[in-house]
Each structure stands twice: as C-alpha cells, then as structure tokens.
Amino acid sequence: MAQPRILLVVGGGIAAYKSCELVRLIRKGGGDVTCVLTEGGAQFVTPMSLAALSGNPVHSTLWDLKNEAEIGHIQLSRDADLVVVCPATADLMAKMAAGIADDLGTTLILATDKPVLAVPAMNVRMWEHEATQRNVAWLKQAGVRVMQPDEGEMACGEYGAGRLPEPEAVWLEIAEVLDIDPGEAGAAEIADYLEALEPEEEPEAEQSRFASLGGLLASIIPRSTPRRIEEEEVEFDEEFAGEELGELPEEEAIDAVPDLSNPLLASKGAARAAPPTDRDAINHEVSANQVAPESFDGDEAEEPAIEDDPLAGQDEFESEPEHRPLYGKHVLVTAGPTWEAIDPVRYLANRSSGKQGFAIAAAAAAAGARVTLVAGPVTLETPRGVDRIDVVSAREMADAVKEALPADVAILVAAVADWRTKEYLPQKLKKRQDAPPALLLTENPDILSTIAGGRQRPKLLIGFAAETESLLPNARKKRKNKGADWIVANDVSKDVMGGTENQVTLVREGGEETWDPMSKQQVAKELIERVIGELA
Ligand SMILES: Cc1cc2nc3c(=O)[nH]c(=O)nc-3n(C[C@H](O)[C@H](O)[C@H](O)COP(=O)(O)O)c2cc1C
C-alpha cells in the first residue's frame, strides 16, 4: 500500500491528547491521516493541533454545507483505508454498537465500508461495566477490531484496565491491520515503548503527568470534602448511591472449569504473577517463623489457636464516659485478612492475624469512641465496648464498611485481598491428570480509595500499607493515590503478620514519624493519641 489513508475519529476522553502523538506516528510511518473530532473530543484537543500535525483539514460537523453538497461524510468514510477511533469512549462504542449516527464521527463509522479499529480508554469501572463489555463484544462480533486497554494508574487516581494503549502500540496495530511495515515510523519510540514494558514501575515522568491530570480531574469531578459532608446532612443510602462500591455483584455459580485460553493469572501493577503450573510458585518455601498455608486436600481447615490476648494492655475505661477524649465520635476500624473463595473448600488468603486492627479498635473504645470493627475471618476476642461485624470476603468487607458509615475516623487496617478468582466454582475443583488448573483473577473493590472519593468520607481517613520492599516510597504513593490522610507503613517482610510486635512509620502530609519497634497494643495507643490530637 503506497500511502495508507487513515481516518482518525477522536472521541471525548482524557486520553485524547495521545491522539496527537498517534497522528505524528502515522505520518512518520508514511501514512496520510485525516482527523474527525467529536464534540466531546473537541473539549480535550483543538482542531488546530490536529490540523497542524496531520497537515489536513479537521472535520467536526455533519452540517458542513460545502462537504455535504458532495455527500462529504460518505466520501470521507470511503476515502480511507482504515477508520481508527482513538480514544474510543464508552459513549462512542455504545453508539457504534447501537448503530446511532447523530454526529459526523458516528455517521461515518456507520457509513464506512472499510475496517474499523477502536482503541478504548476510560475509567476502570466504565470499562468493566456490563454495558461496555456487552458493546465491545458486539462490536468484535460485527468485525470491529477493539484493542485491549492497558492496565495501570488512571488519570482519576484509580487503578485498573482502561488506560489508552500507548500511541506506539496503536500504530503497530494499525500496521498489522493494514498489513504494512511499521517501518521507520517512530522506530526509536517503538523500541522505547517495548523496552518500557519491561520495568516494573511506571517511569517518574509518566507518574507526574498522571498526577497533574489527576489534579485536573479532581478539580472537574466533584468530590465531597469533610466540610461538605458536614454541611449536607444527607441520608447514608442516598449518599452512597452511585458510588464505586455500588451494588457489588452476587457471586455467580458457574459450572465450568477455568478458561485455559485466557491469560493464566491477572497481574496488578508491578506485580507479575507466576503461572500456576510453576511448581516453585505453588509449593513455595515459607520461613520457619511464618505459619504454613493450610492444606485443602479435602480436610476441614482447623481454626488457628488464639495465641495472644488482643485485649492485653487495653486501657481501663474512665468511670465517666464523657470525660474520655473520643466521646461522641464514631471510629470505624477494619482488621484481619479476607478470604476469597475459589470453590467450596479452597480460598485465597493472607497471613494477617487481625491483632493490630483489634488493638486499635480496643484503644479507640478505651478513649471513649463508639467503635465499629469490621473483622475478616480471625478468632480473636472482641475488645470491650466494640461493635463487631464479621465478614469473610473483600466484597463483604466493602459492603459492611459502606453500611457502617458515616464515621468521624476510619482506620483501615485489614489486609484486604487485592484479587479473587473470576469465577466461583460451586463444586470442588478436581485434580486432573494433565496440569494444575489455571486461576483467572479479577480485582476486588479498593475500599480505601472508594471511601476517600465517596460522599461520606470521614474527617480522618487512615490506611495501612503493608509492604515488603520500598516501604516509604510505596506508602507515600499510596497516601496520595488513594486519597488517605495518613498512612501507617509497616514492613511485613519479616514476622509482623501474625506476630505481636510491629514497627511502623506514620506518613502524613506534614511529615513522617518512625516509631521504635513496639507491641501492637502500643502502636495502637500511639496512633489513637495522634487521632485525638488531630480531632481536638
Ligand atoms: C474530564 C472528563 C474526562 C472524561 N474521560 C473519559 C474517558 O476517558 N473515557 C470515556 O469513555 N469517557 C470520558 N468522559 C466522558 C465523555 O466525555 C462523555 O461520555 C462524552 O459524551 C463522550 O463524547 P464522545 O462520544 O464524543 O466521545 C470524560 C468526561 C470528562 C468531563
């Protein structure tokens, strides 16, 4: 193909700025590109930028008399060798799937007789929404090529799948569809791009770019602040309606073995999961001071014995409740692990014992607060004066937290599982002759960032960061990305999980405090003292 002609429809997403780079790469690769800006797209990039970069006029309206005298939209759609929709917003894909043609972009997509490539970009929840997935499936069935969005940090501060693939990857896809050599086009950039897939962390520049976009979004998308919550005395159910936790889907009973054709394990962020056929990954060694994972060879799991009294060191209550510093305050604490059921006998879990969270709940109650403790599956005694809600899975914990709000302070200590298996198998998965089963994972709700962005955000929101490496950088990043006020960072590479001692650093906006190693009760007392100081 001498000079491939691309018709680029730019939709109204925050990633529209990347279409400018795509235009540059197409031209560098010897292609001709004509841009169509939707009304939404024009909110994010100007026709001037696209015209200057493409060297062609930019079209944005169906009601252009000169062009329409020549049935311009039909001509535009036929002149191209390929129509690329980038970014393909949820709205554009919904219209494409429904056959709606109410502006120039959607009309020419409907009118074209050429292949169409859609490059989606949107918030992770929008991407995962059943409606979007249904539209994508329909478009694929209808012959539209839909690229898989990248996974990572989003402009809005959330994490997951929905980021626009890098322009270099889009150009490679275009070259593949048109069966052309990507050639010199951005050869260096493509090499950089492929290399950039290797490192585990996002480059700093990328992070700061998103940080600034996050700032832009934060200023556009209304998020309630503690002050606003005080002003608006809205009923809880209404307040949470439409928030991210929303209606968490019921676990589906799917009578099927996992799909082996899919990627074996989901990856989250920098973590790359080992394939389940890796014997070392399955039968990994654990250090002698950690409890070995329980066996699920059909035997019933035994409840771990209670080693320590979680109430040890709990302050005696003052006789007059109103003299206690947190009297009249509601403190919400989460503690323990979550268990994510794979089938009726197996689950994904972690080593959290719940001791730190229980100690914090005890200390808050001792200070006079009304305390709600949402506890994962642990066998610890409930501290005095604490209302306890037992849950098992991350989604149950998210629901219970939502029910427990509003609170003045939320201290989220629980080690909530990041992932669960995509399908819950109603029957015990049988051992097979050939290979171990593949587990396809999906992300659990992120309770901390959901509360942080919700309308019932507590005045003081504290998260815990259990890390095994880069403790403080990760904790600082978590505080910022998740919208927490404070992060208590603890290094769990040794025997903190399950142990009685802890060593933490309190990360706040104004600075950081690293405390000496001390008992979990002492950590709880110190933390509650800071909370009292903050609320005073
Ligand atoms: C700041 C901001 C960013 C947005 N980002 C996206 C996005 O990345 N993806 C998306 O599908 N919609 C996004 N939207 C919503 C779309 O702009 C909206 O659905 C619009 O109608 C899409 O227009 P289009 O059909 O011309 O693409 C965003 C809206 C705003 C205000």
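Select Pro406 to begin, in the loop between helix H16 (394–404) and strand S13 (409–412), where helices (H or I, at least four residues) and strands (E, at least two) are DSSP runs numbered from the N terminus. A cis peptide bond joins Leu405 and Pro406, with omega about 5 degrees. This is a predicted model, in which local features need pLDDT of at least 70 and side-chain atom pairs count only at pLDDT 80 or more, while totals for chains, interfaces and linings use all residues. Residues are numbered from 1 along each chain as its sequence is written.

Then select helix H1 (residues 17–28) together with helix H9 (residues 167–178), which pack at an angle of about 45 degrees with their axes 9 Å apart; the axes are lines fitted to C-alpha atoms over the stretch in contact, and angles run from 0 to 180 degrees between N-to-C directions. Lys18, Glu21, Leu22, Leu25 and Ile26 in H1 meet Pro167, Glu168, Val170, Trp171 and Ile174 in H9, a contact being a pair of C-beta atoms, placed from the backbone, within 7 Å.

Phi of Asp179 is near 55 degrees, a positive value in a residue other than glycine.

Finish at Ala361, which touches Val333, Ala335, Val371, Leu373, Pro383 and Val386, leaving aside residues up to four places away in sequence.

Note on methods. Two residues are in contact if their C-beta atoms, placed from the backbone, lie within 7 Å.
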